[in-house]
Amino acid sequence: MHRLIDTAQGYHNSEPQVAEAIAQSGIPRSEIFIMTKLHPRFLGYDTTLEAIEMSLKSLNTDYIDLFLIHSQQWTNPWYSCMVLADYI
């Protein structure tokens with residue numbers, strides 16, 4: 001069985017709600033694939049690092065399976081891509 005949860009920093013209060021739902025489900029975290037997305041206001045190296053930490057805390061997890069950049073409007077997405085690669 002596959003369990004995927006798709007959330008984002010830009011969806012109002014969704015990451016804490018996802019954390020609560022996972023905790024209440026009793027399903028081990030290792031059996032849930034969590035995808036979240038970087039809000040465009042956090043584009044940039046340092047702000048992306050901060051945003052990753054915020055999502056980890058909001059989701060109450062040690063890792064995020066897939067972290068996407070949630071924006072179609074950017075001037076230089078490479079800073080966020082580089083930090084995502086460095087963070088791994």
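Residues are numbered from 1 along each chain as its sequence is written, and side-chain values use heavy atoms, with hydrogens and water left out. In this predicted model, local features need pLDDT of at least 70 and side-chain atom pairs count only at pLDDT 80 or more, whereas totals for chains, interfaces and linings use all residues. The pLDDT (the predictor's confidence in each residue, from 0 to 100) averages 85 over the protein, and 78% of the residues score at least 70. Mean confidence is highest in α1, at 96, and lowest in helix α3 (residues 78-87), at 61. Where pLDDT is low, the predicted coordinates should not be read in detail.

Elements are DSSP runs numbered from the N terminus (helices: H or I, at least four residues; strands: E, at least two). Helix α1 comprises twelve residues, 14-25, and its first and last C-alpha atoms are 16 Å apart. This is close to the expected 16 Å, the expected span being 1.5 Å times one less than the number of residues. S14, E15, V18, A19 and I22 are the buried residues of α1 (buried, under 20% relative accessible area; exposed, over 50%; partly exposed, in between; 1.4 Å probe, protein chains only). Viewed down the helix axis, these buried residues fall within an arc of 140°, so they line one face of α1; the arc is that of the directions from the helix axis to the C-beta atoms. A23 and Q24, on the other side of α1, are exposed. The cover over the buried residues includes β1 (4-6), β2 (33-38) and α2 (45-59).

Not counting residues up to four places away in sequence, I22 touches I5, I27, I32 and I34 (contact, heavy atoms within 4.5 Å).

L38 is found in β2 and is buried, at a relative accessible area of 0%. Its C-alpha atom is separated by 6.8 Å from that of A8, 30 residues apart along the chain. Q9, in the loop between β1 and α1, counts as buried at 15% relative accessibility. Its side chain reaches the backbone nitrogen of H39 at 2.8 Å.

Notes
A polar contact is a pair of N or O atoms within 3.5 Å; within protein, one must be able to donate a hydrogen and the other to accept it, and residues adjacent in sequence count only if both atoms are side-chain atoms.
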